[in-house]
Each structure stands twice: as structure tokens, then as C-alpha cells.
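Hi,

Here is the structure I promised to pass along.

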Amino acid sequence: MGGARGAGWVAAGLLLGAGACYCIYRLTRGRRRGGRGLGLRPSQSAEDLTDGSYDDVLNAEQLQKLLYLLESTEDPIIMEKALITLGNNAAFSVNQAIIRELGGIPIVGNKISHSNQSIKEKALNALNNLSVNVENQIKIKIYINQVCDDVLSGPLNSAVQLAGLRLLTNMTVTNDHQHMLHSYITDLFQVLLTGNGNTKVDASFLSLYDSYVAKEILLRVLTLFQNINNCLKIEGHLAVQPTFTEGSLFFLLYGEECAQKLRALVHHDDAEVKEKVITIMPKI
């Protein structure tokens, strides 16, 4: 593999950490475009679902009404409320699948082109939660180029930029879509270097490697670590003890505190967690 492409994979590893804390902490809380194709009918009650006082998780019928409302309304206030409600409900795995089956992903995805920056942000947040589902990523990947363009062209540290980074983080946790960021890596890397604390990784990120953390979360952060290892291995940086900038994701992952946590996870009760840790341990 050429040096430029190899460097691209390494930088992709950095991008994985840009919004890692946010997107993984969110896990701890919990048909085609067009109304005629969905067989949806307008219902005034759909707006009631967005008023902020409805706290229950929406069922399939309610999500269908909400998607119709989002697609049919031109009112930016209603649109934003609908996106927030959809995004909150997309934090639940069962609804991630339901929204996809109802054709909701392109309905939400179309809103990232909206001129209203708040609507764009809320649409990105909803896609971010939907992207936790691997099947959803197949449909969401068509928006990656636009999200990269918006991240790079928008104001530094803006809400839209951060929402875009969080979505790109989820979309590149596995190797399936990392290649789609290759031409953007240099500029994305610059965003990470110049952005404020919101685009960086806090030391509390390491708490996600504690043994009491839910299996789903552990496997996700361990996969993140494994992918970064693979990136560094391509460039030969693991052949010798690497030196990383303090405060960077690499500095946290390859420090002694993280090493201690991984050694403890070798004795985890879950076999899948143990296997994942063992694949990482020889490399740190």
C-alpha cells in the first residue's frame, strides 16, 4: 500500500476519535421516499408527538405519522421538533430498524441539505443515532460526501460541524466505509487539530473500557481500538514504541491507564469481549 493511502488510514483512525465519546455514551441511554409509497395519511395528532411532553418511546404507527409530518411540512419549527423526536427515538435499537423499514432514512437524510442550520444539525443528529445500526449504514453512506463537505465548509466548532463529525465517527467505526473518507482526510485532520475541546477526546473516554460497562459498549470501543491498531500497523508505527501528543486519542489508548484496563478485561466473563481484548493486547 502506498504511503499516501496508508497515511490516509492512519488519519482515519484519528477521525474515529473525534466524536467517539458522544456517540458511544449515547448508546448507554438507551420505504422509499414519498408519502404515497408509505400509505401514510396526515394526522394532526402527529404534532402532539413533538411537543416535548410526550416521553414514551414511539411505536411503529406513531413513527409513521411522524415521518409523514416531517416529509409534508414546510414549517421549520415543526420540522425541527419532528427531527428531534425522531432522533431521540432512533437511540433505541428496535426503532432504528422500524424507521429504516418505513423508509425514514431518506426522509431524514434529505433534511441535511436544508438551508436552516438548526434543521441540518437535528437531521445529522438523527442520522447519527440511526447509523448505530449496521443495516442502516448501507443507506446512510450515500450522505457521507455531503457530510464531509458540510463539516469542512462550515464554521469551526459549529453545531453542524460537530454533528457531522459524530456521524462520520459512527460510519467509520468499522472498516466498511472508511475508504469513502480518503480524499477528505487531510482537511478533516486539520479540523481536529484546530478545533476546540468539543472536537477532541476527553480522558473520561477511558471509563468506557471498565469491566462493568455493557457488552455492546465494550465491543464497540474495543473495535475502535482494534481498527486504530490496524491503521498504525500499516504505517509500521507499532514496530517501535510510538510517541503521541498528550491529549490525543492515541495518547489515551496507548497509555498505562488504558493498558491496565485492557489487562483486566482479559478476565471478563464474556468470551467475545475476552477474544477481542486478546487480539489487541500483543500490540500495546
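Cys148 is buried, with a relative accessibility of 0%, and Cys258 is buried too, again at 0%. A search of the whole structure, which is a predicted model, turns up zero disulfides.

On the fold: the protein chain has 17 helices and zero strands. Of its 284 residues, 52% count as buried. The accessible surface is about 13,500 Å², with 51% of that belonging to carbon and sulfur atoms.

Now the charged pairs. Side chains of opposite charge can pair when their charged atoms come close. The whole structure holds nine salt bridges, and here are some of them.

- Lys120 and Asp150 meet at 3.4 Å, N to O. Lys120 sits in helix H9 (residues 117–130) and Asp150 in helix H11 (residues 144–153), so this pair ties together parts 30 residues apart in sequence. Both Lys120 and Asp150 are buried.
- Asp210 and Lys261 form a salt bridge at 2.4 Å, N to O. Asp210 is in the loop between helix H13 (185–194) and helix H14 (215–235), while Lys261 is in helix H16 (residues 256–265), 51 residues apart. Asp210 is buried at 15% relative accessible area, and Lys261 counts as buried at 17%.
- Asp270 pairs with Lys215, with the closest N and O atoms 3.3 Å apart. Asp270 lies in the loop between H16 and helix H17 (271–280) and Lys215 in helix H14, 55 residues apart. Lys215 is partly exposed, at 35% relative accessibility.

There is also a network: Glu80, Glu121 and Lys122 are joined by salt bridges that share partners.

Cheers

Conventions: Residues numbered from 1 in each chain as written. Predicted model: local features only at pLDDT ≥ 70, side-chain atom pairs only at ≥ 80, totals over all residues. Heavy atoms only, no water. Helix = DSSP H or I, 4+ residues; strand = E, 2+ residues; numbered from the N terminus. Buried < 20%, exposed > 50% of the residue type's maximum accessible area, 1.4 Å probe, protein only. Areas by Shrake-Rupley, 256 points an atom, 1.4 Å probe, with all protein chains shown as cover. Disulfide = S-S within 2.5 Å. Salt bridge = Lys/Arg side-chain N within 4 Å of Asp/Glu carboxyl O.
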